[in-house]
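Good morning, and thank you for coming.

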Amino acid sequence: MFEKVLIANRGEIALRIHRACREMGIHTVAVHSTADANAMHVRLADESVCIGPAPSKDSYLNLPAILSAATITGAEAIHPGVGFLSENADFATMVADHGMTFIGPDPHHLRIMGDKVAAKSTMQELGVPVVPGSDGAVTSDSEAFRMADSIGYPVLVKAAAGGGGRGMKVADTREQMGTALQMARNEARNAFGHDAVYLERFLSHPRHIEVQILADRQGNVVHLGERDCSLQRRHQKLVEEGPSPALNAEQRAWIGGVAADATRRMGYEGAGTFEFLFEDGEFFFIEMNTRLQVEHPVSEAITGIDIVREQIRVAAGLPLSFGQDDITITGHAIECRVNAEDPRTFAPSPGLVKDYHAPGGPAVRVDSAMYGGYRIPPHYDSLIAKLIVYGQTRNEALMRLRRALEEYVIEGVSTTIPLHQALLEEPEFINGAYDIHWLQRFVDNQGAAG
Ligand code: ADP
């Protein structure tokens, strides 16, 4: 097992990885920008190295600085966390070239799944059902129009290099197709540096269902059931729960098996997530995330498995600690993303956290790097905490969530907590009867009412 791991990330996820390391007796090295010198992930780590100024491109995305930090501290492995360099195949390759272990899959798999067109065709070859659409990227406008006519409107134009919901535009009719293509290409070029796009049928009322898998180098693969992440605003997840209220046991076992089989046949190693849209009883693959996910605690709560610990074990060459038959999914978990944002306009709300008190009590987990007196820097993602509650039933989890949100005190900045509380009053949320478009409508109506 590694003696020292460098965590190439910040905030709650850096802390989450630190916690797994400490419980395994592994020393941690934190890296930080100048803006994060007083951050909790730095305070708790055994060692820390400043890797550059505040902007991410100069610090958390600064490959040479991170590799130097790992080398000078003698770290044997690097955990990239979520976002930043976590899906960067070049970084993973450089880590290996420096004689260290990248805690994540092989660069080859990062590369394939990072290209959503290649990912889709790979999955199709492996027998995974995909969303009907263009076979690969569309090169010319005339080809795009021809494709769209055969797929049927509405059509979704998606960036091949996409991520974080960017570079995605809907064309409801043929007339809108030209604009959608142009907008998606522009957004993709600005965000990812590549403007390749592909087309998919736009599903009108799907749920977002994703399957968590874990695989080791010995060829063992398990799935940890699914998470339902249908509550999204602008394609960004806000609430996640598991098991999905929309699946029955048979569907759950089937899609888990499909994901595990594909993982095994790809020779994939580490943690990964297969994302599907689920509509009228059918699953359609949309992408695979080759890293830890923000919402991983939902699966940890219903399986009792520490996903980060397994990632580290697998990267060190050890087998998974369990087989599929050892895994039982019990109870229900819900995660709320607490963002430092105005709950109505979603404008970022960085600044001084004057007072902070996190909820506790039975079956409540808070993953956060907040503390009273902390100043949220304006340079990064607005996610400041994840509140995860567990209940023996979905109803119990909902009651507990209501109670925990009431206890949560974050003074000085606006957060999405009032939005979560408003959601808990909505029959569609309470009954689990929502699709991926529901939250956007809810938020728009709230804005209109306010
Ligand atoms: P990203 O990598 O940017 O997150 P995804 O392909 O994972 O993009 O899609 C993000 C979200 O966009 C999905 O969870 C879903 O809400 C919506 N979406 C993606 N594809 C479709 C589709 N074909 N029809 C309707 N909604 C879609």
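**Helices, sheets, a ligand and one threonine**

Let us begin with a helix. Helix α6, made of residues 116-125, lies across β12 and β13, and it runs at about 130° to β13. Please keep in mind throughout that what you see is a predicted model.

What is the order of its 8 strands? The order is β13-β12-β9-β10-β11-β14-β19-β17, and the pairing is antiparallel. At the edges are β13, residues 282-289, and β17, residues 364-368, each of which pairs on one side only. Neighbouring strands of this sheet are turned against each other by 25° on average, with direction ignored.

We may look at one pair within this sheet. Strand β9, residues 207-215, and strand β10, residues 221-233, run antiparallel and are joined by 6 bridges. On these strands, Leu214 stands opposite Val222 in β10.

Helix α12, residues 394-407, lies across β11, β14, β17 and β19, and its direction is at about 140° to β19.

I now turn to another sheet. Here 5 strands form an open sheet in the order β3-β2-β1-β4-β5, and the pairing is parallel. Leu6 stands opposite Ile78 in β4. Helix α3, residues 63-73, lies across β1, β2, β3 and β4, running at about 155° to β3.

Next, the ligand. How many residues surround the ligand? There are 21, and the closest are Lys116, Gly165, His208, Gln232 and Glu287. Some individual distances are worth noting. A polar side-chain atom of Glu287 lies 2.7 Å from an oxygen atom of the ligand. For Glu200, a polar side-chain atom lies 3.0 Å from a nitrogen atom of the ligand. Gly164 takes part through its backbone: an N or O atom there lies 3.2 Å from an oxygen atom of the ligand. On its own the ligand has 550 Å² of accessible area, and the protein covers 96% of it. The elements giving two or more residues to the shell around the ligand are β6, β7, β8, β12 and β13. The largest share, 3 residues, comes from β6.

Is Thr273 buried or exposed? Its relative accessibility is 0%, and buried means under 20%, so Thr273 counts as buried. Which side chains make polar contacts with that of Thr273? One is the side chain of Arg227, at 3.2 Å, and another is the side chain of Gln293, at 2.5 Å. Leaving aside residues up to four places away in sequence, Thr273 touches Glu210, Val211, Gln212, Arg227, Glu287, Met288, Asn289 and Gln293. Among these is Glu287, which we met among the residues closest to the ligand.

Thank you for your attention.

Note on methods: Residues numbered from 1 in each chain as written. Predicted model: local features only at pLDDT ≥ 70, side-chain atom pairs only at ≥ 80, totals over all residues. Heavy atoms only, no water. Buried < 20%, exposed > 50% of the residue type's maximum accessible area, 1.4 Å probe, protein only. Polar contact = N/O pair within 3.5 Å; in protein donor to acceptor, adjacent residues only side chain to side chain. Contact = heavy atoms within 4.5 Å. Pairing = 2+ DSSP bridges. Helix = DSSP H or I, 4+ residues; strand = E, 2+ residues; numbered from the N terminus. Axes fitted to C-alpha atoms, helices over the stretch in contact; angles between N-to-C directions. Near = heavy atom within 4 Å. Areas by Shrake-Rupley, 256 points an atom, 1.4 Å probe, with all protein chains shown as cover.
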